[in-house]
Each structure stands twice: as C-alpha cells, then as structure tokens.
Amino acid sequence: METANLITMIGWAASGTGFTFMMTALGAASVFFFRKTISENVHRMALGLAAGIMIAASVWSLLIPAMEAAEEAGGAGWLPACGGFILGVAFLLLLDELLPHLHPGSKNPEGPKSHLSRASLLFFAVTLHNIPEGMSVGLLFVVAGQTGDPLALSAAFALALGMGIQNIPEGAAVSLPLRQEGYSAKKAFAFGALSGLAEPVFGILVVLCASWIAPFMPWLLAFSAGAMMYVVVEELIPEAHLGEHSNIGTLSVMAGFVLMMALDCALG
C-alpha cells in the first residue's frame, strides 16, 4: 500500500473516530449541568436510539458490504458474513466473562471478582463496547481507501456520524452516576470522556494494519457487526425497557434504526 494512501486513510479514520470521541465527551459534559441522573424516559429514549443506530449500522454499513466484498472476490457472501458475525459475538462474550465491569444503571458488577472501584468498572464496561465501534469506522475507511470509491467514503463518514450520535448518551451514562457517588464534576467528566478513547485508538490501529487485514476484510466487517449486535441485545435493549414494557424505548429503537438507515442510504 502506498504511503500517501495510508496517510490519507489514517487522516480519515482520525477525523471520523475523533468525532465519535468528541461526542462521548459532549455527553460526559452533562455532568456540569445536571447533578442527578436523567429521567427514566430520557434514559430509555437515549438507549433505544443508540440500539437502533447500532442495529442499522450492523446491517447496512457492515454485513451488506461484507457479503458484497466476498462475492466480488468470487466467494460465497453468506460464509464470511455468518462466520465473522458469530466470531464477533463470541469475542464480546469472552471479554464480558474475562474482564470485570459494571454496566451503567446496574448495581452488581459482572465478570471476575475484583477490588476495582465502581468508577473503574463502569469505565471498563463502556470502553469494551467502544472497541467494535472504533473498529467498524476504521474498517470502512480502509475499504474506502482501498477501493477509491467515493460512496464507500461517504458510508464511512455516515457510520461515524451515527456512532457519534449514539455516543452522547454513553458519555452521560458514565459521568452522571459517578457524580452521584460523590466524584467531582471534573473527575466524573474525565472518566466519561476517556471511555470513548477506545474508538480512535482501535479505529486507527485497524488502518495501520490495512495491508495485512485486506484479505480478511469481509470477515472483519461481519465481526464488528456481531460485536455491536451483542452489545445491543445484551445491554441496550433490555435497559431501554428497564424491566417493563416501554413504548418510548421501543419507538426510540425504531427511530434510531431509521435515522442510521437514512444516513447510510443518503450518504453512502
């Protein structure tokens, strides 16, 4: 791969994932305006919107391009799409089992027993979810750089925009509970903002490995889709309903799906 093309892709990935990181920081900044957590209805709307965005992104931005790339290479489109998806789910499931973490809104930590503070456990939980999101954005910029297709570049920026929108409630979900537990506003903001740092880190790492991962691109795109869908099903949708039927949570999922689908179709 030409050095100039690699530098361009790094710049794209840094811009896209830098935007998603800034949106996480924007959400975390809510700690300077609200002492208490947001209302249940707003919480449901935010989580539902995030879930819908991630579902649509998994299908339109990741799984469909994975199948198309495999078929263009002369293979069966369903194989890397299904195989990569399963591997992505397995990867997040394994991380959930191996790393101690605390989901926003939950009282009981998950994973191995640990003496880490609640702030650290909460930070780890959101950071885990940001890994596949950063990879997804980085992978689409790699596709755009390798194909030279302006539509692929637009799709990558559309995904970054969608991920950025759903990162706003994620940042707030870390900083506001920490503020309630007695952390200073500045410290709570720092934890919330830094939880999004995984996205630019993994997004740029994917670009740096572009020449090695090119043959496995369909599998990696589907891998990211599987990892994001695991987050949606395991956490976002259940929390959006908060243990009871919720039209607000359900409609927010639908709204997020339509929003991301429109972004991908309009820009990609």
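Me: Which helix holds Thr 24?
Reply: This is a predicted model. Helix 1 covers residues 3-28. Thr 24 falls in that range, in helix 1.

Me: Is Thr 24 buried or exposed?
Reply: Buried means under 20% relative accessible area. Thr 24 has 0% relative accessibility, so it counts as buried.

Me: Which residues is Thr 24 in contact with, leaving aside its neighbours within four places in sequence?
Reply: Contact here means heavy atoms within 4.5 Å. With those sequence neighbours set aside, the partners of Thr 24 are Asn 167, Gly 171, Gly 192, Ala 193, Ser 195 and Gly 196.

Me: What separates the C-alpha atoms of Thr 24 and Ala 266?
Reply: Along the chain, Thr 24 and Ala 266 are 242 residues apart.

Me: How many helices and strands does the protein have?
Reply: From the N terminus on, the elements run α-α-α-α-α-α-α-α-α-α. The count is 10 helices and 0 strands.

Me: What is the radius of gyration of the protein, and why does the protein count as compact?
Reply: The globule rule gives 18 Å for 268 residues. The protein comes close to that value, so it is as compact as a globular protein of that length. Its radius of gyration is 18 Å.

Me: How far apart do the centres of the positive and negative side chains lie?
Reply: There are 9 positive and 18 negative side chains.

Technical notes:
Residues numbered from 1 in each chain as written. Predicted model: local features only at pLDDT ≥ 70, side-chain atom pairs only at ≥ 80, totals over all residues. Heavy atoms only, no water. Helix = DSSP H or I, 4+ residues; strand = E, 2+ residues; numbered from the N terminus. Buried < 20%, exposed > 50% of the residue type's maximum accessible area, 1.4 Å probe, protein only. Rg over C-alpha atoms; globule rule 2.2 N^0.38 Å. Lys, Arg positive; Asp, Glu negative; His and termini not counted. Charge placed at Lys NZ, Arg CZ, Asp CG, Glu CD.
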